Structures are given as C-alpha cells and as structure tokens.
Amino acid sequence: MNLAALNVANAIGAWAGSTTIAAGYGLLSAVWAGFGLKLLGLLVFALTLPKAR
C-alpha cells in the first residue's frame, strides 16, 4: 500500500471539508465534499484496474 498517497488523500479531504465550511455552506457541506472525493477516488480506482482477458 502506498502510504504517501493515503496521506495526500487525507490532507485533500480535510482541506475540502474546511474550505466548504469556511465558505459558509455549513457543517453538512463537509460531508458532501467527502462524498464527492470518495466517488472521485472510486472512479480513479475503477479506471486503473487491470483489464480482464
């Protein structure tokens, strides 16, 4: 497992959540920011899977 990638993902998640809260969208916006990042991560994971023969 690439721990550096995990650290970067944690930093981006914290940044996205705090940015939306600071913008005045409320505490629930951090949940939606995390959900969006999760979907983006799943998309990247699906696109980088090796193709089955």
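A: Of the 53 residues in the protein, 8% are buried, where buried means under 20% relative accessible area, exposed means over 50%, and partly exposed lies in between, for a 1.4 Å probe and protein chains only. The model is predicted, so local features need pLDDT of at least 70 and side-chain atom pairs count only at pLDDT 80 or more, while totals for chains, interfaces and linings use all residues. Residues are numbered from 1 along each chain as its sequence is written, and side-chain values use heavy atoms, with hydrogens and water left out.

The secondary structure consists of two helices and zero strands (DSSP runs numbered from the N terminus, H or I of at least four residues for helices and E of at least two for strands). The radius of gyration, taken over C-alpha atoms, is 14 Å, well over the 10 Å that the globule rule gives for 53 residues, so the protein is more spread out than a compact globule (the rule is 2.2 Å times the number of residues to the power 0.38). Along its principal axes, the C-alpha trace spans about 50 × 20 × 10 Å.

Helix α1 covers residues 3-22, and because its 20 residues at 1.5 Å each should span 28 Å, the 29 Å between its end C-alpha atoms agrees with expectation (the expected span is 1.5 Å times one less than the number of residues). After α1 comes G24, whose phi is positive, near 95°.

Leaving out residues up to four places away in sequence, A16 touches A33 and L37, a contact being heavy atoms within 4.5 Å. On the other helix, S29 is found in α2, residues 28-48, and is buried with a relative accessible area of 12%; beyond its neighbours within four places, S29 is in contact with T20 and I21.

L37, a contact of A16, also belongs to the lining of the largest pocket, together with I12, L40, G41, V44, F45 and T48. A pocket is an open set of points on a 1 Å grid where a 1.4 Å probe fits, with protein on both sides within 12 Å along at least five of seven lines, and lining residues have an atom within 4 Å of a point. Helix α2 gives the largest share of this lining, six residues. By type, the lining divides into five nonpolar, two polar and no charged residues, with Ala, Val, Leu, Ile, Met, Phe, Trp, Tyr, Cys and Pro nonpolar, Asp, Glu, Lys and Arg charged, and the others, Gly among them, polar.
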